[in-house]
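Open the model in your viewer and keep the sequence panel at hand. The tour goes from one selection to the next.

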Amino acid sequence: MQIEYKDVNVFQEEQEVLHDVNFSIDKGEFVYIIGKVGAGKSSLLKTMYGELPVKEGEARVLDYELQKLRRKHQPALRRKLGIIFQDFQLLTDRTVEQNLRFVLKATGWKNEVEIRQRIEEVLNEVQMQTKGYKFPHELSGGEQQRISIARAILNKPELILADEPTANLDTETSRHITALLHQICEQGSTVVMVTHNLHLLDMYPGRIFECKDKKLTERIEEE
């Protein structure tokens, strides 16, 4: 079990946005979290990587008990995760290669040959092998999101959390990004993706949880 929540109430500042959340996710699953704007999707995801505290209930992510997670332990948890944001969050004053190198250095990589090799591997994986010398502003939105996915998988995380990764992209690019995340899932990573692009769910199936009326419920598709 990579994620397990029991009787968790999720708060955004002092306001409760989700009540009595209960669910679990196994290794290798692809999971969508859907719901309207303000329904608590991103807040739930933020509890998973320690951005929002778990004040009520029990929550476990990759053997970390979130209700007991201290600030000094957050970096250790996040090193085991790949996090993808809708606004990419790339360092604008550095090239693609320098962005990826920064993450590897920050997470303890020291061998230059291994660093170069890993950067080459992830750029190949996201089909951006010719873009290493480019700056983020020289890339399209879809290309920037591919780089942010490359950054997320650098350390071969067990769990990838994607917060609206297709929100700022056109329909075709959204499909490509979702297909790429599915490929990564098939290679062994668990993927949790927040989205409001419901057409993607039919094209790229996964488990579906919906945030609605402060509740999280799983959609069970009928045969």
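Select E7, helix H6 (residues 171-186) and E8: together they make a right-handed β-α-β unit. Right-handed means that, with the strands pointing away from the viewer, the path from the first strand over the helix to the second runs clockwise. Helices (H or I, at least four residues) and strands (E, at least two) are DSSP runs, numbered from the N terminus. This is a predicted model: local features need pLDDT of at least 70, side-chain atom pairs count only at pLDDT 80 or more, and totals for chains, interfaces and linings use all residues. Residues are numbered from 1 along each chain as its sequence is written, and side-chain values use heavy atoms, with hydrogens and water left out.

Next, strand E8 (residues 190-194). Five of its five residues are buried (under 20% relative accessible area; exposed is over 50%, partly exposed in between; 1.4 Å probe, protein chains only). E8 is therefore largely enclosed by the rest of the structure. Show its side chains: Thr190, Val192 and Val194 point one way, Val191 and Met193 the other.

Now the neighbours of E8. Strands pair if DSSP finds at least two bridges between them. E7 (residues 159-163) runs parallel to E8, joined by five bridges; here Ile160 stands opposite Val191. Strand E3 (residues 30-35) also pairs with E8 in the parallel sense, over four bridges. Find Tyr32 opposite Met193.

Move to the loop between E7 and H6 and pick Glu164. Its phi is positive, near 50°, and the residue is not a glycine. Buried or exposed? Glu164 is buried, at 8% relative accessible area.

Last stop: Gln89, in the loop between strand E6 (81-85) and helix H3 (96-106). Gln89, also not a glycine, has a positive phi of about 55°. It is partly exposed, at 44% relative accessible area.
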